[in-house]
Amino acid sequence: MTQVSDNYQPEASTYAADDEALLVGIDLGTSRSAIAAANGVRKMIESYVGWPKDAVAVRHIKKNIVFGTEALEHRLSLRLFRPLEKGVLKHSLEDEEAEDGVGNKQAARELMRHLVHLSQPGRDQKVYGVVGVPAQASLKSKQALLEAAHDSMDAVMLVSQPFAVAYGLGMLDGSIVIDIGAGTTDICRMHGTMPGEEDQLTLPLAGDFIDRRFEELLKEAYPEAQFTITMLKRVKESGAFVAGQVEPIRTTFPCNGRPTEFDVTEPLKSACESILDGINEGLHKLISSFDPEFQSKLRSNVVISGGGSQIIGLASRIRQQLEDLGGGNVHAVEEPLYAGANGALQLAIDMPDSYWQKLT
Amino acid sequence: MADRDASNKPRGFTLLRSVNGRIVQADAEIDQALEMGSSTASLAELQQRGYSRVRVVDREKVASLVKDAVSRQQYSRKDAGGRDAGGDYGGSEAESDEDFGSLRINRENLGYLTSTGHASLADIVAEIVQARLESKQATVSRFSAIEQRMQELERLLRGSAGQAREPAAGADDRSRAYKSYLPASVAAEEAAERMTSIDERMRQLEELLRRTEQTAEDLALGTRADGHAGLRRETTEQQQALLEEIYKQNVQLQALTREAEAAAHAL
């Protein structure tokens, strides 16, 4: 595990140019956040932020704030936050009431700052970033994210996450991007212009939804098994599938304190399939409401990205569902977890310097 | 298990480092990936952690490919070949070694080589520099051969002309100088024409060498991850319009955010 000090004075990067701002692309996700920087650094962390609960915890952890997997590992000693929900900043009363300012907003700020720190900007080097947000994020959500980002970057631009993916892939005309994250699935059709509201959909059917469904199904099938959502998430990430699985998926959960092996193949498959109908509906909606002359072009260029696109067989299942509309072509991006950050970085790089300077 | 050299750097592994075919690789991350687990990590372990493109590098193959491409002078300063060489995003069909048969060395392809795990950035740049040096040496050898041939021709011409005037020192002036003292014999005229053609060929070779060096420098510059200058590309009018639109939307968003902050502050 990378040791990150609480002091955010960045070390001078080997790659950093003194006279140039560091450009970064950020995919701030509900489950994982990724940053890709123009200096070649690329990092991904779990979107968890934790503060030690008391002085004993500080002594034990030896840090005032911890992030990612480390925060999850020490969660019993921490006030743990996962600041994003369904891709946007959580708004809770806790934010308003916390006397020490600790809450989701603060967690989002720290998470963003930590990501920027991981990108190794040079000492005193300016940082300009493009941050991907859910396709239909509200104005309030965008403002909250912008506020959080301004603490760690000199200039920030927000873009729709699926648009960033499409831009990075150069698929700006006649394509559909389905970005399946943890909190939301964003679907966006690209037709050579900036996608408007009518071109985008945000569905709450994503990784977290699958986890909850998986939990329900397992409780039904194995009421005696003891597990948490975190444990189920790990099982899902190692074996999620909707087609083509031959080997049974077995995992071990405690059962009255005794480790017991369970076959979770069917519950896992059913849970993963639970997002298919919603995605299919969204896809149908965006295709059928488009200019009929160009519908076949959209169908033939469907791209899936995000962590959810790693579900085995997902592209082929979506392709099967497209048969109802005359068939099409669906494929997964090469780097599902970094596609958003890569696209955002490409936008940041292509953005003229004058625009960045005006935003600082 | 990853093989390690004396500097404790893992050998035999390279890590995906490409932003849409453009290189943004940092080898340091390999170490970090290894540190995340134990002191060493297997290929499978790295892949399991999400570094799905980590592969064993066949450096010899990459070296021979690069050298072959350089020797065939298949440099391209445009980035048109990236996708043709198999870098089509999302596609996985064209990722076998055999697909590098028609390799053209340019920035896009370098990105593809690194992104498919066939070589690290440092390996490729080193190979290009080496190939460029070898190419340069080959060109110099050819120059020497041409020079030698010219000297033979000089002797021949002197003999046929029966005159002992010293030829001009500069290569460009040679044919003119020879023409001036040649007798008006057909053989001598033909020899002078051949000299002109050799001079022309030398100029072409010099130009080729200059462009070769320039391309190698461009490649080194473009692949050096020292900021965005080397990564910036030509944007299409459509992309420019989209960038402008994003900029305008964000200016508007910032204005609204400032207003909201001011209102909250006033309250």
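**A loop, a covered helix and a crossing between chains**

Hi everyone, let's start in chain A, where Gln120(A) sits in the loop between helix H4 (104-118) and strand E9 (127-133). Helices (H or I, at least four residues) and strands (E, at least two) are DSSP runs, numbered from the N terminus. Before going on: this is a predicted model, so local features need pLDDT of at least 70 and side-chain atom pairs count only at pLDDT 80 or more, while totals for chains, interfaces and linings use all residues. Residues are numbered from 1 along each chain as its sequence is written, and chains are lettered from A and ligands numbered from 1 in the order in which they are written.

Back to that loop. Gln120(A) has a positive phi, near 55 degrees, and is not a glycine. Asp124(A), also not a glycine, has a positive phi of about 65 degrees, and it lies in the loop between H4 and E9 of chain A. Are these two buried or exposed? Gln120(A) counts as buried because it has 22 C-beta neighbours inside 10 Å; Asp124(A), with 10 inside 10 Å, counts as exposed. The cut-offs: buried is 20 or more other C-beta atoms within 10 Å of the residue's own, exposed is 12 or fewer, and partly exposed is in between, with C-beta atoms placed from the backbone.

Next, helix H6 (residues 161-169) of chain A: 9 of its 9 residues are buried. Among them are Phe163(A), Ala164(A) and Tyr167(A).

Touching here means C-beta atoms, placed from the backbone, within 7 Å.

Finally, let's look across the chains. Which helix of chain B does H5 (residues 139-150) of chain A approach? The partner is H9 (residues 237-266) of chain B: the axes come within 10 Å and cross at roughly 85 degrees. Axes are lines fitted to C-alpha atoms, for helices over the stretch in contact, and angles run from 0 to 180 degrees between N-to-C directions. H5(A) and H9(B) are therefore roughly perpendicular, the label for 65 to 115 degrees; under 35 is roughly parallel, over 145 roughly antiparallel, and the rest oblique. On the H5(A) side, the contact includes Leu139(A), Lys142(A) and Leu146(A), and on the H9(B) side Leu253(B), Thr257(B) and Ala260(B).

How values were computed
Two residues are in contact if their C-beta atoms, placed from the backbone, lie within 7 Å.
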